[in-house]
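Morning, everyone. One structure today, and I will start at the ligand.

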Amino acid sequence: MHILVLNGPNLNMLGIREPEHYGTQTLADLENMLHEEAVRLGITIECCQSNHEGDLVDKIQAAYGKADGILINPAAYTHTSVALLDAVKAVSLPTVEVHISDPDSRDEFRKISFIRQACIATVKGKGFPGYLEGLQLLVKHIACGGGR
Ligand code: DQA
């Protein structure tokens, strides 16, 4: 089983960026943690981060026929991007949305998630461990034969 892990804009600034929301660990720490979990689960993962909406769309499209599922933190594009929603719908791969903080308990504009309607689950407000939970959920869903 192969999973694409996508992180959106400003998540390359983890460790520096708003530690009260995102903690002090870096993106490299997060990706190392996910690689270790992938070994434990007996799967492979590819981790990517981009600040550009079109790059994220390209990555999702490129996953078609290659990955079995997608774990994505679309970051600010969660709240703005119909293009990411449409990309996930286009490839029809099981997708889990993850957020480090709980966007629903922050600014009003963070309560909207466009991508959510195309996702099998959302994990939010659990810090980095939320990515592990999201990955485990996704793997279980795919192993049980679940589609999108
Ligand atoms: C975030 C929450 C978003 O509202 C924000 O724009 C981010 C990060 C999170 O992981 O908590 O960049 O997705």
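A polar side-chain atom of R110 lies 2.9 Å from an oxygen atom of the ligand. That is a polar contact, meaning a pair of N or O atoms within 3.5 Å. Taken alone, the ligand exposes 320 Å², and the protein buries 99% of that. Those areas are Shrake-Rupley values with a 1.4 Å probe.

A word on the source. This is a predicted model: local features need pLDDT of at least 70, side-chain atom pairs count only at pLDDT 80 or more, and totals for chains, interfaces and linings use all residues. Residues are numbered from 1 along each chain as its sequence is written, and side-chain values use heavy atoms, without hydrogens and water.

Back to the ligand. An N or O atom in the side chain of H79 is 2.7 Å from a ligand oxygen. For R17, the figure is 2.9 Å, again side-chain N or O to a ligand oxygen.

Who else is there? The surrounding residues include Y22, N73, S101 and I100; near means a heavy atom within 4 Å.

Now a second site. The side chains of E37 and R40 form a salt bridge, 2.8 Å from N to O. The cut-off: a Lys or Arg side-chain nitrogen within 4 Å of an Asp or Glu carboxyl oxygen. E37 and R40 are three residues apart in helix α2 (residues 27–41), so about one helical turn separates them. The structure holds nine salt bridges.

Terms used: A polar contact is a pair of N or O atoms within 3.5 Å; within protein, one must be able to donate a hydrogen and the other to accept it, and residues adjacent in sequence count only if both atoms are side-chain atoms. Helices (H or I, at least four residues) and strands (E, at least two) are DSSP runs, numbered from the N terminus.
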